[in-house]
Amino acid sequence: MRKFVLALLASTIVAASGTAHAQKYNLTVAGYSPGGLVSTIGAGLDAALAAAYPGSTVTYQTGSGGLANAMLLEQNKVPLGLIGATELNVAVKGLKPIPKPLTDLRLLVQPYAAGSRFQATHVLVNKDWAEKNGIKTVADIAAKKPAMKVAFNRPGNLDGDVGLAVMAANGISQDDIKSWGGQVVRAASQELTSLMLDRRLDGVVFGISINHPRIREMANGLELVMLPIKEDTAQKVADELGAETCEIKAGEYKFLASDSSSVCVGMNLVVRADMDEQMAYNITKGLIEQSGKYKAAHRLLEKVVTNETLARKGLIAHHPGAAKYLKEKGLLK
């Protein structure tokens, strides 16, 4: 992994009208894998900061995800890190594999909120399997105990933990699934799509954006049923894992018979507590005032991101510099 060091560059610009002081920020943000929405967020941050402070750059550093990014911040190896809410929950509580609670992480903005439903838990099953076993909701699985080959996201990706927690909140453990003659598979979301299309799975439980291309690919290749999650179940999982609840309407999928609650995860732009207060203020100011440049990086961001959602409170406190600016603009109370 390339090692990036934060450089804060100041330059003096002499103009006909006088002398002005302009700042440039050369920053690295620790992200996730290349491609996908999170890397697009990196591009949006770069565009916004460049517009606010001409000559500035935000370099997107690919990596292993939010837990790794939390540790990079803890070790002072990057100035900015993108961390999903469930990963931030693990980091600040010091849950495995984080060795101790990380108490020096602070929030600048939320690049997307949980309510955007960019990571909403879906329970999708083969319609033939559902009809054969009389399964209409997730709770029915616990009651009827059918043999079920079901997949969750790969180990190390906390989305898999969310899916397992949804099942557990319905009284369904991995051991239960196996004892009923079923099988639990752990794999990346792209692989889950292939396994469903090959009829090697009866169902998948994973967090993905509403009407994502992978869901459409599944639906084009076989008849699906989306099993509704009860509101209290979704709330229990959200409270446990640092996520939030959201709703998926029946009309949003032809294979969802009734409205369903879901567990949704937002994204956080995180810094160290010892970041210079003026610097945190300026970065936050630049991102809010140039939010149009940020949102232009992806059509989904344009649909759901507002200055109010960027300023939402999260699991950790805002950096004092960020909080100062957001309060000045009436975006944070």
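## Basis of the model

The model is predicted: local features need pLDDT of at least 70, side-chain atom pairs count only at pLDDT 80 or more, and totals for chains, interfaces and linings use all residues. Residues are numbered from 1 along each chain as its sequence is written, and side-chain values use heavy atoms, with hydrogens and water left out.

## The largest pocket

The largest pocket has a volume of about 1,400 Å³. A pocket is an open set of points on a 1 Å grid over the protein atoms alone, where a 1.4 Å probe fits, with protein on both sides within 12 Å along at least five of seven lines. Its volume is the space filled by probe spheres set on the points, which are joined across faces, edges and corners.

Helices (H or I, at least four residues) and strands (E, at least two) are DSSP runs, numbered from the N terminus.

## Backbone details

Most residues other than glycine have a negative phi, and most peptide bonds are trans. The peptide bond from K96 to P97 is cis, with omega near 5 degrees, and P97 belongs to the loop between helix 3 and strand 5 (105-112).

R117, in the loop between strand 5 and strand 6 (120-126), has a positive phi near 60 degrees. R199 also has a positive phi, of about 60 degrees, and is placed in the loop between helix 8 and strand 9.

Key: On a 1 Å grid over the protein atoms alone, a cavity is a set of points where a 1.4 Å probe fits but cannot get out, and a pocket is an open set with protein on both sides within 12 Å along at least five of seven lines; lining residues have an atom within 4 Å of a point.
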